[in-house]
2 protein chains.
Amino acid sequence: MPKRVDHEERRTEIAEALVRVAGRRGLHGVGMRDVAAEAGVSLRLVQYYFETKEKLLLYGLEHLAAGFGARTAARVRAAGDAAGPRAVIEALLLESLPTDKESRTFHLVYTSYAVLSVTDEALAAQPFIENPDAAEDALAGLLRQAQDARLVAPDVDTRTEAIGLLALSAGLGTGILVGQRSPESAVAVLRHHLDRIFRDGEMRSAAGTEGRAG
Amino acid sequence: MPKRVDHEERRTEIAEALVRVAGRRGLHGVGMRDVAAEAGVSLRLVQYYFETKEKLLLYGLEHLAAGFGARTAARVRAAGDAAGPRAVIEALLLESLPTDKESRTFHLVYTSYAVLSVTDEALAAQPFIENPDAAEDALAGLLRQAQDARLVAPDVDTRTEAIGLLALSAGLGTGILVGQRSPESAVAVLRHHLDRIFRDGEMRSAAGTEGRAG
DNA sequence: ACCATCATGGTACGTTCGTATCACGAAAAT
DNA sequence: ATTTTCGTGATACGAACGTACCATGATGGT
């Protein structure tokens with residue numbers, strides 16, 4: 001047999017080529033031939049590793065989501081070493097803003113997938129439910145953690161606040177994507193809301209501490 | 001000449017057919033023939049009233065945006081007769097949530113357009129900047145108005161809050177669209193944030209009134 | 001050394017899409 | 001009454017797309 005290539009690695013390369021061309025020309029209008037050319041392989045090869053386009057798209061979505069998860073985890077880990085919950089939360093939310101070109105590509109393609117999944121039942125809407133739910137749980141946990149550390153007021157509904165922050169950052173992200181809003185202003189708005197949550201926490205928990213512990 | 005048909009009316013009918021089929025099968029994968037069949041006319045007719053597909057898509061976007069604007073204005077007008085700024089703002093924000101099927105279609109197709117506009121330069125990104133900017137101005141104005149009526153604390157940055165509310169509602173809308181979130185919970189989150197803005201206003205402006213006016 | 005199998009290339013096929021072309025009836029203009 | 005222009009239909013065309021098919025080196029197993 002020939003050189004016994006690593007299939008998974010090859011699939012990854014092709015999937016990344018798919019994401020690249022989708023970031024340039026849009027997920028619509030990306031064809032097998034485009035992916036093949038971008039990956040530097042023949043059309044047959046793309047067919048070989050992914051038998052059908054649908055499977056290619058599905059794998060591309062999984063790869064995209066996995067990459068985002070890893071990037072976010074790395075960013076959170078990097079921020080979580082020294083700083084407190086606020087920094088971790090900020091890192092988590094800022095990662096989901098299309099600030100640099102790489103992040104821009106991710107958000108564009110991911111949003112394209114999300115829109116596609118509404119009408120194309122083949123593209124499971126599962127990732128678009130599970131992943132946000134996981135993020136929501138994580139963020140709610142971090143907020144609760146901050147609440148325990150008296151950085152956030154005890155009467156704050158961490159679940160609702162987590163939902164709101166994620167939806168806010170998603171909305172700001174699309175605003176950046178379509179060119180309506182600058183990344184800087186989006187970051188400012190996001191920080192403003194974080195300030196609100198954490199500032200209120202300081203004030204009220206300080207008052208609460210006085211009342212309770214003298 | 002034959003029956004001298006109203007061009008604009010015909011274009012509207014076809015554009016609405018476009019939106020309908022786009023809501024069912026997605027904006028991608030909507031072809032001239034599909035639109036023609038949905039509108040109950042021949043392919044040639046679609047070509048006749050819109051020479052090219054690009055022009056059809058553009059007109060469809062304009063029609064969609066105009067319809068949304070009219071619907072929002074009507075809803076705001078209906079709410080603005082009796083109630084205060086809070087009700088008006090709530091009406092404005094709730095209209096931009098895909099609660100019923102009609103609104104769902106609008107949001108899906110509009111979002112599809114937005115995603116398209118990022119890569120297809122033909123589809124002007126203009127509507128996706130101008131319209132949100134207008135909504136932002138309107139909402140900021142309403143908040144300022146509420147601030148003048150002492151319903152919102154004077155130290156609230158109305159512009160930032162308007163941006164945040166709109167981004168929040170956009171993000172919640174996508175969450176509903178992909179099936180991650182129920183319309184009810186989205187409405188609850190939105191109301192929660194409105195409560196926060198207006199509740200803080202009552203408390204602080206009451207305190208401020210005592211301090212200033214005794 | 002042989003052979004079965006893996007990796008890869010080239011290419012053809014059927015479909016669908018947007019667009020262009022040809023054709024014709026019908027009514028306003030003259 | 002004729003002519004010209006408008007509205008509409010049917011259909012053809014070229015391109016692009018996803019997929020299928022055939023071919024062929026290369027190499028690990030025996």
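Guide: Helices (H or I, at least four residues) and strands (E, at least two) are DSSP runs, numbered from the N terminus. This is a predicted model, in which local features need pLDDT of at least 70, side-chain atom pairs count only at pLDDT 80 or more, and totals for chains, interfaces and linings use all residues. Residues are numbered from 1 along each chain as its sequence is written, and chains are lettered from A in the order in which they are written.

Visitor: How many helices and strands does chain A have by that rule?

Guide: Chain A has nine helices and zero strands, and its pattern along the sequence reads α-α-α-α-α-α-α-α-α.

Visitor: Why is a space called a cavity?

Guide: On a 1 Å grid over the protein atoms alone, a cavity is a set of points where a 1.4 Å probe fits but cannot get out. One cavity of 30 Å³ or more is counted here. The volume of the largest cavity is about 50 Å³, a volume being the space filled by probe spheres set on the points, which are joined across faces, edges and corners.

Visitor: What makes a residue part of the lining?

Guide: Lining residues have an atom within 4 Å of a point. Those of the largest cavity include Gly164(A), His193(A), Glu161(B) and Arg196(B). The most is given by α8(B), with four residues.

How values were computed
Heavy atoms only, no water. 1 Å grid on protein atoms, 1.4 Å probe; cavity = no way out; pocket = protein on both sides within 12 Å on 5 of 7 lines; lining within 4 Å.
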